[in-house]
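Please look over the sequence and the model below, and keep both in view while reading.

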Amino acid sequence: MPELALPDITLHYEIDGSGPPLLMLAGMLSDSASWGALAPLLTAHFTLIRPDNRSTGRTTPWHAETSVGQMARDALALMDHLGHAQFHVVGHSMGGLMAMELFGLAPDRIQALSILASAPVRAPRTMAVFDALLAVRRAPEGEQLWLRALYPWIFAPGFFTDPDNIEAALSAALAYPHTQSADAMAHQMEALRGFRPTVRPADLSCPTQVLHGAEDLLIPRAAAEDAFAQVPNVVQTTLPDAGHSIHWDAAPAVAQHLRQFHDTAGDPR
């Protein structure tokens, strides 16, 4: 089980595939398993490095001091540990914010950056959704109810055309042995609530692409597009029939965009 001992945590991570290193930063409430639909489509093209962010998965202890900036520093320490002088990065949702902070820490080391369903803007409704989900989770029978309440916020409408999709997702989530606890969920939510970026979109001088979900209910797309328009030579694409979980709703399309974009950026030295 690959782990990295840092001063205050033991960071769990997964590695698979071959090719240029691609650091994959998971979003809110998610860990390395959140890339399950996308990773198999990329292993022939990249060496995939997927850490469990603080308070998630097999990274311990869950209650260690947590912030978006600290998680970015953890990711950089991991890449130092693995010996990657340069690397590619993809971040989903909060992971996109982490990726921007990581660029600020090591601008000469990031070969190319892809940001999925994310935005460096304040979104009070999004935090209100998380607050409501946490309250539901802490109610009687909440472990199942909060997941049912979550899915309409993160998946595209097409997901719900087959009721079996809901039950399959629910069964998989409830069976996952490394699920983030309600207390750890609250801990990470406070990290996101307190986040104040130190890197602006205009600061991103590496090749950058942004993928938006046309059906994303958690990220205000117009505000996101305006913010990322400040990135020099940015490539922004909106994928149809994709919600906030863009890497699940549209995994083949996301994989194609990642392969094409990061191939043109060249291999890290």
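Why does the distance between the end C-alpha atoms of helix 5 agree with what its 13 residues should span? At 1.5 Å a residue, helix 5 should span 18 Å, and its end C-alpha atoms lie 19 Å apart, which agrees; the expected span of a helix is 1.5 Å times one less than its number of residues. Helices (H or I, at least four residues) and strands (E, at least two) are DSSP runs, numbered from the N terminus. This is a predicted model, in which local features need pLDDT of at least 70 and side-chain atom pairs count only at pLDDT 80 or more, while totals for chains, interfaces and linings use all residues. Residues are numbered from 1 along each chain as its sequence is written, and side-chain values use heavy atoms, with hydrogens and water left out.

The buried residues of helix 5 are I166, A169 and L170, where buried means under 20% relative accessible area, exposed over 50%, and partly exposed in between (1.4 Å probe, protein chains only). They cover an arc of only 100° around the axis, which puts them on the same side of helix 5; the arc is that of the directions from the helix axis to the C-beta atoms. An α-helix has 3.6 residues a turn, so residues three or four places apart point the same way. On the other side of helix 5, D164 and A175 are exposed. Helix 4 is included in what covers the buried residues of helix 5, contact being heavy atoms within 4.5 Å.

Helix 9 (residues 251-264) can be read in a similar manner. For its 14 residues, 1.5 Å a residue should give a span of 20 Å, and the end C-alpha atoms of helix 9 are 20 Å apart, which agrees. Buried in helix 9 are A251, V254, A255, L258, F261 and H262. They cover an arc of only 145° around the axis, which puts them on the same side of helix 9, whereas P252 and T264 are exposed on the other side. The cover over the buried residues of helix 9 includes strand 3 (21-25), strand 5 (87-92), strand 6, strand 7 (208-213), strand 8 (235-239) and helix 8.

Helix 8 also holds W248, which is partly exposed, with a relative accessible area of 41%. Not counting residues up to four places away in sequence, W248 touches A33, S34, G36, A37 and F155. R137, in helix 3, counts as buried at 6% relative accessibility. Leaving aside neighbours within four places in sequence, R137 is in contact with G142, E143, W146, T179, Q180, S181, A182 and M185. R109, for its part, is found in the loop between helix 2 and strand 6 (110-116). With neighbours within four places in sequence left aside, the contacts of R109 are L76, M79, D80, H84, A85, Q86 and F87.

On a 1 Å grid over the protein atoms alone, a cavity is a set of points where a 1.4 Å probe fits but cannot get out, and a pocket is an open set with protein on both sides within 12 Å along at least five of seven lines; lining residues have an atom within 4 Å of a point. Grid points are joined across faces, edges and corners, and a volume is the space filled by probe spheres set on the points.

The largest pocket has a volume of about 860 Å³. Of the 33 residues that line the largest pocket, L29, S30, S34, L150 and A173 are the closest to its centre. Two or more lining residues each come from helix 3 (124-137), helix 4 (142-154), helix 5 (163-175) and helix 8 (246-249), and helix 4 gives the most, with six residues. By class, the lining of the largest pocket has 17 nonpolar, 13 polar and three charged residues; Ala, Val, Leu, Ile, Met, Phe, Trp, Tyr, Cys and Pro count as nonpolar, Asp, Glu, Lys and Arg as charged, and the others, Gly among them, as polar.

The second largest pocket holds about 380 Å³ of space. Among the 23 residues that line the second largest pocket, the closest to its centre are L97, A119, V121, A123 and L192. Helix 3 gives the most to this lining, with four residues.

A search of the whole structure finds one cavity of 30 Å³ or more. The largest cavity is lined by L11, L25, P51, D52, N53, M71, D74, A75 and M98, and the largest share of that lining, three residues, comes from helix 1 (residues 68-82).
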